[in-house]
Amino acid sequence: MIRTPLRPLARILPARERGENTEEIERENLRRRHAEMQDRARSRAEGRLLVLGAFFTVAFAVVGVRMGMLATTVPVEPMASAGGSVIAAQRADITDRDGRILATNFETNSLYAQPPMLVDPVESAKSLVKIFPDLNEERLIRDFTGKRKFVWIKKRISPEQKQAVHDIGDPGLLFGGREMRLYPNGKLAAHVLGGARFGEEDVNAAQLIGVAGVEKQFDGYLADPANAGKPLTLALDLSVQAAAERVLYGGMRLMNAKGATSILMDVHTGEIISMVSLPDFDPNDRPAPPTSGFDPSVSPLFNRAVQGVYELGSTFKIFAVAQAMDLGLVSPETVIDIRGPLRWGKFRISDFHYYGKEMTVTRIIEKSSNIGTARIAQMIGAERQRDFLGALGFLEPTPVEVGEANSGKPLMPKNWSELSAMTISYGHGLSASPLHLAAAYAAIANGGHYVSPTLLKQSGPQYGPRVMSAKAAANSQMMLRGVVTDGSASMGEVPGYQVAGKTGTADKPKPQGGYYEDKVIATFASMFPASDPKYVLVVTLDEPVETSGTEARRTAGWTAVPVAAEMIGRIAPLLGLRPVIEPARLAEVRLTSN
Amino acid sequence: MVYGAVPDRGGEPILPKWWRTVDKWSMVCVLLLFAIGLLLGLASSPPLAARNDFAPFHYVQRQAAFGGMAIVAMLLTSMMSPIMVRRLAILGFLGAFVALAMLPFLGTDFGKGAVRWYSLGFASFQPSEFLKPGFMVVAAWLLAASQEINGPPGKTWSFALCVAIVLMLAFQPDFGQASLVLFGWGVMYFVAGAPMLLLVLMAGLVVLGGTFAYSTSEHFARRIDGFLTPDVDPTTQLGYATDAIMGGGLFGVGVGEGQVKWSLPDAHTDFIVAVAAEEYGLVLVLVIIALYASVTVRSLLRLMRERDPFIRLAGTGLACTFGVQAMINMGVAVRLLPAKGMTLPFVSYGGSSLIAGGIAVGMLLAFTRSRPQGEIADLLRGRNR
């Protein structure tokens, strides 16, 4: 590159020598340089301006194309983006043993508002109050016109209410899915099913959580989405449950009882075919749990069959007799001294009536002699009695599959003395639930095997540990049959179904100690048919009074037994049992020909 | 005076000369934009008027009044000679600069979280709008002077001035105007012959500055975050704008049928293009884009021929800020760019912005007028152009 000198010295020097003014040459040179520089700058700027022009052309084109793409896409309904994990709302159904629905799910909606999207907040709030009169209009208007972005209005609304809200036509009022738990049979089997409530909630779904009963016990199974479409099959029979509830309710009213419970159990499988506790509730609208400081057993939520532990009275006598027979201490014909009262220290044990000086073991059960049973208990001894009752399940809560089972913990004396053994033998001093009693009677009824009660449908019989010999069990069954035919439960006879059982009338303990004179727990523990027992039925009435006679009668023979008999007459056909045609008694055969 | 001599008229009369030399296409485009602004004002401002208890077309009337003033300002300015424009612009710049500096003491924020305005009772006045074109001219003057032999260090001075203004604007905060000023200076420096290495460095600095603003200013960070999330929240301004553009389709939902203007608080300013898209459809939006593009690109192409470095630089700065402001505004509405409050020149409502826009475009038209560019000399030197 040839450098161009800044000053044109080649021209200046000769001019200077000639004595001319060089200023003009310098200026001319400067002007030329300036023009050249401007030309260079312009040619460079030309390129860069072209780049800028291209940039703007492209940028505006991109904006235009993007605008065109947006304008030609079909607008979609704006959806609130669902953040986080989706709540599984597919709780499995619960059915009875024949597949009839006990609990299922039902699609409803929740209602909420997004105030920034409300077109007319005040008018919408007024319309909402017309649909839901329980809403507070002023508060709603305040919420809608304030700074809030999200307002819950209702957690569950019916389809009719949804339509009414929809008709308001405000885009700021929105619905979310709410799968609710529905118990289509209402109060039926309320205590078994328990109930469910909403757990974790979001706009589109809410989690259902079991709060009691099998809903709580099997919450994990029911809530597992893998089990959707695979219902939980219970052992309950819906028809039997319904019949049992009707009969028990009627019996409770007739006998003026404040509560009642019944348990029907298959003696071979341990399946609970029906379990009733009254008063009951509607699991669709589960009442609030009782507040503290208030006796929980008064609440309809209280499951008397499982949670209620009572002194069950004379129904226990058969256990002492069965054990004594199992141990070979007595036979049904052994005669026991029943002179009373039986004194033990400062305590006295006496009978309800005077039954004579001595009786056979069979008669002791039939007549329900406290003294006789206490004597047998003395023979057995406290230790062995305790072990035997333990084997029958009386010392632990029942293993039944409802959430409340653990609270049905039996009450027993800390020091299992000989006196305790004597009172426990006739049902005082040990408190257990009716379900405990049903399970223990099932062991007698099935020939001596313990069966644990279960609410789940079983495929075959259980063979639990043997608790007594088959012979002792068979003899006990015969004695219990005698109670109905010739003893205190004579009203329990149901023609054709050979009811066997034992009554029990226990005075209720006062909370402050001692026993009430006029408040009893009347129990009838029965099995049928006696020739080959298939079912155990325990009926317990709380504070029954039978007033049809001249004096109030409270004993189980007058209260619990007729209710149980009515129940057996109703449910035995439903269970598929056929009445046994018993031959007429020979003594009643009259020869009319002579 | 010599008898019979024709009196010297001092050259050609002003109006014919103006009409002969002015860029008529660009001027028509600007007038069309103003007309579209009025048309969209009819659609977009009644909700605002309803909110502020005015007659439905209160804001349209104001827009028309300010627009008339803006057009007069534009025409007058475009008739001036570049030297005249430069002198007045420098005076205006000085005034606006002082006004901007006094804002923190005398200004008001109208409850919008940024002190940008002087309240004059009947109208408000935003000095930064007037400062912008003034600064372009001053910076172009300094940059051009620095190219003269034995000229002043104009690049340094103009850069210092630019930084001062950007800092003052960022302090308000008004990052939109600040970035426009910075962009304008950068474009002028680029055309004035910035070394490539420096350009790369500058790009890096812009990125750094953006990061700094993001991490220190909550106002700024929220908008960037909103842009970066992939889903449009339908309850944000952007969500409404996107909805409106989709709803409008090719030919719009019909005049006066649009809904977005009722939901968007900035429907008459920052998101007016959404109103246009909803009511008049893609067609009008494409027309608007074409108008801005033709003003910008035509001006840049005309400036390519310009020999005078000052005119070239000032014109470039004015044309580019005009174009980029429109581009950013529309880019935000279609979610190409993060949300940034920037008005659409001549179309959006706003008195200061209209008049200042009129002056700026007037200056641009004055700079892009056809002038003798030494074509003979070029021919003589063998450049056939």
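Visitor: What is the mean pLDDT of chain A, and what percentage of its residues reach 70 or more? After that, please take me to helix α16 of chain A.

Guide: Happy to! This is a predicted model, in which local features need pLDDT of at least 70 and side-chain atom pairs count only at 80 or more, while totals for chains, interfaces and linings use all residues. Residues are numbered from 1 along each chain as its sequence is written, with chains lettered from A and ligands numbered from 1 in the order in which they are written.

The mean pLDDT of chain A (the predictor's confidence in each residue, from 0 to 100) is 84, and 93% of its residues reach 70 or more. Please be careful with residues 78-86 of chain A, where the pLDDT is below 50. Beyond near neighbours in sequence, that stretch has six contacts in the model, a contact being two residues whose C-beta atoms, placed from the backbone, lie within 7 Å.

Now for the setting of your helix. Chain A has 17 helices and 18 strands; these are DSSP runs numbered from the N terminus, with helices (H or I) of at least four residues and strands (E) of at least two. Of the 594 residues in chain A, 44% are buried. Buried means that 20 or more other C-beta atoms, placed from the backbone, lie within 10 Å of the residue's own; 12 or fewer make it exposed, and anything in between partly exposed.

Helix α16(A) covers residues 470-486. Its end C-alpha atoms are 24 Å apart, which agrees with the 24 Å that its 17 residues should span at 1.5 Å a residue; the expected span is 1.5 Å times one less than the number of residues. Among the buried residues of α16(A) are Ala472(A), Ala473(A), Ser476(A), Met479(A), Leu480(A) and Val483(A).

What covers the buried residues of α16(A)? The cover includes helices α10, α11 and α15 and strands β16 and β17 of chain A.

Let's walk from the helix towards those strands. Gln498(A) sits in the loop between α16 and β16 of chain A. Its phi is near 45°, a positive value in a residue other than glycine. Most residues other than glycine have a negative phi, and most peptide bonds are trans. Gln498(A) counts as buried because 21 other C-beta atoms lie within 10 Å.

Next comes β16(A), where seven of the ten residues are buried, so this strand is largely enclosed by the rest of the structure. β16(A) pairs with β17(A) in the antiparallel sense over nine bridges; pairing requires at least two DSSP bridges between strands. One of the links joins Gly501(A) to Ser526(A) in β17(A). The two strands form a hairpin with five residues between them, and Gly513(A) in the turn has a positive phi of about 105°.

Our last stop is the loop between β17 and β18 of chain A, which holds Pro529(A). The peptide bond from Phe528(A) to Pro529(A) is cis, with omega near -15°.
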